[in-house]
Every structure is written in C-alpha cells, then in structure tokens.
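Biologist: I have a structure open and would like to learn how to read its features. Please take them one at a time.

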Amino acid sequence: MAANGMTTDATPQVARVAKIGAVACLVAGVAALLIAVVVVTLVVVADRSGLSVEDLVWMVAWTGVGALGAFVAARRPRNPVGWLFLAAGALVATAVMVDVASLSLLAKSGADRTGVLLRWVQNLMFVPALVCALPLGLLLFPTGSPPTRRWRWVIPVAVTAAVLSIVEAGVRPGPIGDGSVPVDNPFAWRSGAAVVSVVGTVWRTLLLLAAVAAVGSVVARYRRATVLERRQLLWLVWAVSVGVILEAAGAAYDAVAGLPEGAGALLSATVVVLLPTAATIAIVRHHLYDVELLVRRSLVFVALSGLVAVAYVAVVLLFAVAGGDSPASGLVATLVAACIAVPAYHRIGRVVDRRLFGDRADPYRALAALGSQLGRASDARSGLAEVAVATAASLRAPYVAIEGLDVRPLAATGTRSGGPALVVDLAHQGKPVGRLVVAWRTRADPYSVADLRLLTDLAPQVGAAIALLQLTDDVQRAREYLVLGREDERRRLRRDLHDGIGPTLAGATLRVALARDAVSTDAERARALLSDAEEQLEATVRQVRELVYGLRPPALDDLGLVGALRERVATLDPSETIRVQVDEPLPTLPAAVEAAAYRIVVEAVTNTLRHSRARTGVISLRCQSDGGRDGLLVSVADDGVGLDGTAPGVGIRSMTERAEELGGQVTVDASRTGTTVHAWLPR
C-alpha cells in the first residue's frame with residue numbers, strides 16, 4: 001500500500017492493461033464527442049426540436065461522470081478507475097449527442113446517409129461504456145488493482161464481452177439499436193444471422209459473468225481489506241443505499257401521483273452519478289467525511305423502509321383475502337407498521353453498528369471477547385498479541401501496540417503510518433506496567449467519547465495481561481538464572497578440585513611413596529617427607545572446608561542461624577564491638593532464607609569492621625510481615641562514619657542480589673552518625 005493509502009502497485013501489469021483499454025476507449029470517445037458536438041450544434045441550430053429533456057438530462061449526467069473520472073485521473077493518474085469513469089462518461093455522453101443528431105437528420109430527410117451512419121456509430125458505444133463503469137470499475141475500485149491475483153481473469157472476460165458486443169451490433173441484421181427508428185443496419189451480415197445471434201448470446205453471458213464476479217470481488221476485498229480500504233468501500237455501500245432509496249421513492253410517487261415529464265430520467269441520472277461521485281470521494285477525499293455515519297443512516301433507513309412496507313402490504317393483503325376491501329385495512333396496516341417501526345429501528349441500528357463500528361458500541365461484548373481471546377492463548381505473549389488484535393477489531397483501528405515501561409512493543413498489529421495516535425496508560429494493582437497505543441483511523445478522524453470509554457474499560461484487562469507477561473518473563477529469567485548459577489557453581493567446584501585439592505593430594509601421595517622407599521635406608525629423609533605430606537593433607541582439609549562453607553556454612557546445620565552468626569561474628573570481631581540481638585525465638589526457617597540471612601549479615605559486618613570505624617554495632621533478627629507476607633527482617637546497625645558520600649560497592653550489590661533472589665529487598669540508611677542495613681526475606 002502506498003503512503004497515501006489510495007493506490008497500490010501489487011499487480012502493475014493488470015493495472016497497465018486496464019489503463020491501456022480505458023485510454024483507447026477514451027480516445028475513441030473524445031474523437032466521437034468532438035464530431036458529435038459539431039453535428040449537434042448544426043442540427044439544433046437548424047431544428048431546435050431535436051433535443052428532448054431526457055436526452056439533455058442523460059447527456060449532462062454522463063458528462064458529469066466523465067468529469068469525475070477526469071478529476072480522479074488527474075489526482076491519481078496511476079489508478080485506472082478514474083480513466084475508466086472518464087472513458088465511460090465520454091462514450092455515453094457522445095452516444096447521446098450522436099443519437100440526437102442522427103434523429104434530427106433522419107427526421108428531416110428520411111434515410112439520410114449521414115444520419116444512418118451516426119446512428120450506427122452510437123449503437124456501438126453503450127456496452128463498452130457499461131463494461132468500463134461496472135465490471136472493470138468495481139473490480140479495480142478503490143486501489144486500482146484486483147483484490148488478489150485470482151480475480152485477474154475478470155478483466156479479459158469483460159474486455160472480450162465489449163469487443164464481441166461491438167462486432168454483434170455492427171453486423172446484426174435488422175433495425176439499428178432498439179428499433180425505435182425504422183432504419184436498417186447498413187453493414188448487416190444477413191447470410192450469417194445465426195452466427196451473429198450466437199455472438200450476441202456469448203457476449204451477454206460473458207458480461208453477466210464479469211458483472212457477478214466484480215460484485216463478488218468487492219465482497220472479497222472488503223473481508224480482507226485494511227481499515228482505510230474498508231472506509232473507501234463503505235462509500236460504495238452508501239451510494240448504492242441512497243440509490244435504492246431514490247429509486248424506491250420515485251417508483252412509489254409515480255405509482256400514486258405520477259412523475260412530471262423528465263423527472264424519472266432526472267432521478268435515474270442522479271442515481272447513475274451517485275456511484276462515480278462516491279468512488280471519487282473514496283479515492284481522493286475519503287477522510288474528509290464521516291462515511292460510517294452516512295452509511296449507517298442510509299442502511300437503517302433502507303432496511304426499516306423495506307420492513308415497514310412489507311408489513312403494510314401484508315396486512316392489506318390479509319384484509320383483502322379475508323373479507324375484501326375494507327376501510328379499516330389501511331388504518332390497521334398503518335398501526336401495525338407504526339408498532340414495529342420503533343423496535344425494528346433499534347434492532348436494525350444495533351446490527352448495523354456492530355458491522356460498521358465493531359464492539360465499541362457494546363463495551364461489554366468487547367470485554368467478553370477480550371476474555372475469550374486471553375483464555376484461548378497458549379502463553380502470555382501470544383495472549384497479548386490476541387489482545388492487540390481484539391482491540392484493533394473493536395475500534396477498527398489501523399494499528400494497535402501494547403508497550404512496556406521501556407516503550408518497547410510487547411505486541412502489535414497493523415501498520416502505523418506515522419500519524420497521530422491515542423495513548424492510554426496501563427496499570428495493574430496500582431503500579432504502571434505499560435501503555436496502549438492506538439493509531440487514529442485517519443488524521444481527520446480522532447476517536448469519539450464512546451471509543452475512549454471502551455478503551456477505559458479495556459485498559460485494566462490489558463494491564464493484567466502485561467503483568468502476567470512480566471511475571472512469566474520473571475519466572476523464565478529466574479529459571480535461567482538458576483541454571484546459570486548451578487553451572488557456575490559446578491565450574492567453580494571443578495576448578496577448585498582440579499587446581500587445588502587434586503594437585504595437593506597428588507603431591508602428598510608422591511611424598512608418602514618416597515618416604516616408604518627411604519624408610520629403610522634414610523630414616524631422617526623419610527620423616528621429612530612424611531612431615532611435608534602431613535602439611536599438604538592439612539591444607540587439603542582446609543580447602544575442603546572452604547568448599548563446604550561456600551556451598552552452605554556447616555554452622556547453620558550445627559548451631560542454627562543465631563548460633564552460627566554469633567560464632568562467625570566472634571571470629572570476625574574478637575573485640576566484641578558488634579553483638580547479636582534476638583528478642584524472640586525464631587521459627588523454623590527455610591534453608592535458603594537461613595543461608596541468605598547469614599551471608600548478608602556477614603557481608604554487612606565485614607563492611608562495618610573495614611570501613612565504618614564504629615565503636616558499637618547491633619545485629620537484630622525478628623519476624624515481620626510485609627504486604628501480607630510473613631518474612632524475616634535482619635538489621636545491622638553501627639555508629640560509624642557511614643558511607644561518607646561514596647557510592648555503594650560490590651558488597652551492597654551482593655546483599656541486594658541475595659535478597660532479590662528470594663523475592664526480598666535490602667535497604668541501606670546511611671548518615672554521618674552511622675549506617676543501618678535492613679534486609680527483608682520472605683519465608
């Protein structure tokens with residue numbers, strides 16, 4: 001789709017063929033038009049009675065069709081629809097004027113050779129004009145190409161029908177045209193009348209097939225069209241609806257009172273001009289008017305009028321069948337029609353609203369559809385994608401994106417053209433989680449209050465979906481972190497065993513072997529070797545203890561959390577600057593919570609002893625709830641110099657990571673009079 005949303009080059013060859021055909025028809029029509037203008041001018045000047053009101057109306061109408069086509073062709077020269085309308089208007093307008101000229105010449109001199117030739121020429125123009133306006137125009141509207149490659153066959157079928165119609169009209173025996181003027185075809189092929197009849201049947205069949213296929217292509221295009229393209233197609237629906245209303249009203253008035261001279265032609269000509277007018281607006285200026293509102297009112301009026309008319313006629317017929325003509329039949333029929341009009345109006349309005357506006361007229365239906373989409377989603381991310389699609393369908397929006405707090409799209413549907421967009425902030429449980437971006441349908445079509453109300457109703461559901469996705473991502477990251485941490489721990493153990501304990505044991509084994517060989521010959525050397533082996537084994541024992549301590553401090557299993565902390569603090573602080581304070585006995589804690597609390601306290605005490613120059617310090621442990629969850633609150637306070645304006649180092653980051661691994665948190669309160677580290681760990 002091009003940037004302006006009007007034309008497309010998806011099938012340039014088809015568009016080129018259609019444009020060449022339209023230009024060829026246009027050249028022929030313009031040439032004939034110039035000849036006809038001269039002839040009609042001379043004839044009308046000579047005989048002013050040659051131009052009837054109906055002829056004038058149709059000539060003006062089709063000239064208007066050609067002018068609309070010229071306007072489209074000038075604004076969108078790569079779109080063949082404008083050229084097709086221009087060709088159709090030029091051909092029919094030319095045919096009408098040539099017909100007037102021929103009738104005037106024939107009325108003056110009977111079998112005038114020029115008049116007969118002009119009438120033969122105008123008889124060739126109507127079907128090609130009809131092909132340009134109906135099958136080809138519908139097929140290529142509004143983008144200038146068929147909906148898909150599967151619909152290309154309609155173009156050669158329609159062109160073949162036009163060519164065969166020209167051949168059949170040019171050589172058909174008998175009167176020219178409809179027979180209203182008794183003038184025989186000067187080029188009739190009387191010996192091949194049967195062949196000519198077959199050709200006529202073939203082109204009529206092909207034209208009917210092309211017309212039906214063109215209507216089907218409009219339906220297929222609407223089903224797979226973008227929002228902007230659907231708005232263009234709705235102009236066609238509006239034109240057809242208004243045309244039906246005008247024709248029905250004219251027929252009803254003509255049946256009751258009779259239309260004045262020329263009124264029927266004027267009404268039909270107006271209907272003919274409606275279609276290219278709507279097509280012109282759709283292709284060139286579709287965003288200037290609220291076509292959905294126009295279409296809604298037209299469709300509701302057509303459906304309601306038809307329903308009321310059917311009800312009225314049905315009641316009158318029932319009275320006629322039951323007891324003949326009755327004065328009360330009209331009154332009863334009117335009452336029945338009035339009773340069904342109001343509920344039918346609301347019912348038809350709801351159906352039309354749902355088809356045109358989606359679910360924005362019924363927010364509860366939109367919420368139900370959104371819940372259904374989330375329920376069918378296989379995972380959280382695909383659920384967000386379904387939410388974006390459902391929101392776009394509900395609002396008929398060309399682009400919908402669900403973004404996180406980092407403005408990174410989590411899910412999106414459609415294509416954003418760079419125009420304005422509506423942004424709705426999303427939250428879950430009072431916390432912002434992202435935003436919903438909904439592009440305007442067009443630059444001149446902002447969202448209404450009803451649309452905003454629907455988005456307000458949808459926002460909590462979308463926020464919950466984002467929160468679910470974030471939770472899923474957090475679980476996935478935690479799983480990955482667990483796997484990576486396990487592998488890192490295994491790698492560390494392997495390195496320590498291979499590089500430390502392994503060589504030490506190998507060296508001790510070698511010294512024991514050497515001492516065994518030297519014990520009988522050199523006892524002093526054997527004792528030295530055994531002494532070295534003993535030192536190496538003791539170093540190995542220390543390394544093993546360090547490995548075990550790195551996995552989980554053994555004191556936690558032997559002494560419990562409080563006892564292990566007191567033992568470790570006594571080792572780190574022989575001067576007893578820092579003491580452990582526990583007001584109440586702690587309940588049984590998970591092993592992970594004990595290990596995290598132990599290492600956080602040891603790290604905080606180490607920082608206190610190294611940097612704070614504190615005189616006293618207190619380690620306190622107690623159970624405390626946070627947000628409805630039970631947990632362990634660990635505090636390490638000292639009266640030292642604090643952080644003294646320095647940025648947190650590796651130690652504080654390590655404590656924070658250990659707490660966050662369990663879903664807890666660490667806070668540091670530092671001042672010139674001391675530092676307090678608080679760690680809350682859920683249990």
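**A surface patch, then other features**

Modeller: Start at the surface, where Val 159, Val 163 and Val 167 form a nonpolar patch with about 220 Å² of accessible area together. Patches are made of residues with over 30% relative accessible area and no salt bridge; like charges are joined within 9 Å, and nonpolar side chains (Val, Leu, Ile, Met, Phe, Trp, Tyr) within 5 Å. The areas come from the Shrake-Rupley method with a 1.4 Å probe, and for residues only the protein chains shown count as cover. This is a predicted model, where local features need pLDDT of at least 70, side-chain atom pairs count only at pLDDT 80 or more, and totals for chains, interfaces and linings use all residues. Residues are numbered from 1 along each chain as its sequence is written, and side-chain values use heavy atoms, with hydrogens and water left out.

Biologist: Where is Val 159 found, and is Val 159 buried or exposed, or partly exposed?

Modeller: Buried means under 20% relative accessible area, exposed over 50%, and partly exposed in between (1.4 Å probe, protein chains only). Val 159 is in helix H6, residues 154-171, and counts as partly exposed at 40%. Helices (H or I, at least four residues) and strands (E, at least two) are DSSP runs, numbered from the N terminus.

Biologist: How do I read a salt bridge?

Modeller: Side chains of opposite charge can pair when their charged atoms come close. The rule asks for a side-chain nitrogen of Lys or Arg within 4 Å of a carboxyl oxygen of Asp or Glu. By this rule there are 5 salt bridges. One of them joins Arg 172 and Glu 168, at 2.9 Å from N to O. Arg 172 is partly exposed at 23%, while Glu 168 is buried at 5%.

Biologist: Which residue forms a salt bridge with Arg 527?

Modeller: Glu 524 does, with the closest N and O atoms 2.3 Å apart. Both lie in helix H15 (residues 523-551), 3 residues apart, about one turn of the helix. Glu 524 is exposed, at 53%.

Biologist: What parts of the chain does the pair of Arg 615 and Asp 639 link?

Modeller: These two side chains meet in a salt bridge at 4.0 Å, N to O. The pair links distant parts of the chain, 24 residues apart: Arg 615 is in the loop between helix H17 (591-612) and strand S6 (617-626), and Asp 639 is in the loop between strand S7 (629-638) and helix H18 (650-661). Arg 615 is exposed at 67%, and Asp 639 is partly exposed at 26%.

Biologist: How do I read backbone angles?

Modeller: Look at individual residues. A cis peptide bond joins Phe 141 and Pro 142, with omega about 0 degrees. Pro 142 is placed in the loop between helix H5 (126-140) and H6. Gln 429 is not a glycine, yet has a positive phi of about 55 degrees. Gln 429 sits in the loop between strand S3 (421-428) and strand S4 (431-439), and is exposed at 73%.

Biologist: How far apart are Thr 270 and Val 57 in sequence and in space?

Modeller: They are 213 residues apart in sequence and 9.4 Å apart in space, C-alpha to C-alpha. Thr 270 lies in helix H9, residues 263-284, and is partly exposed at 35%.
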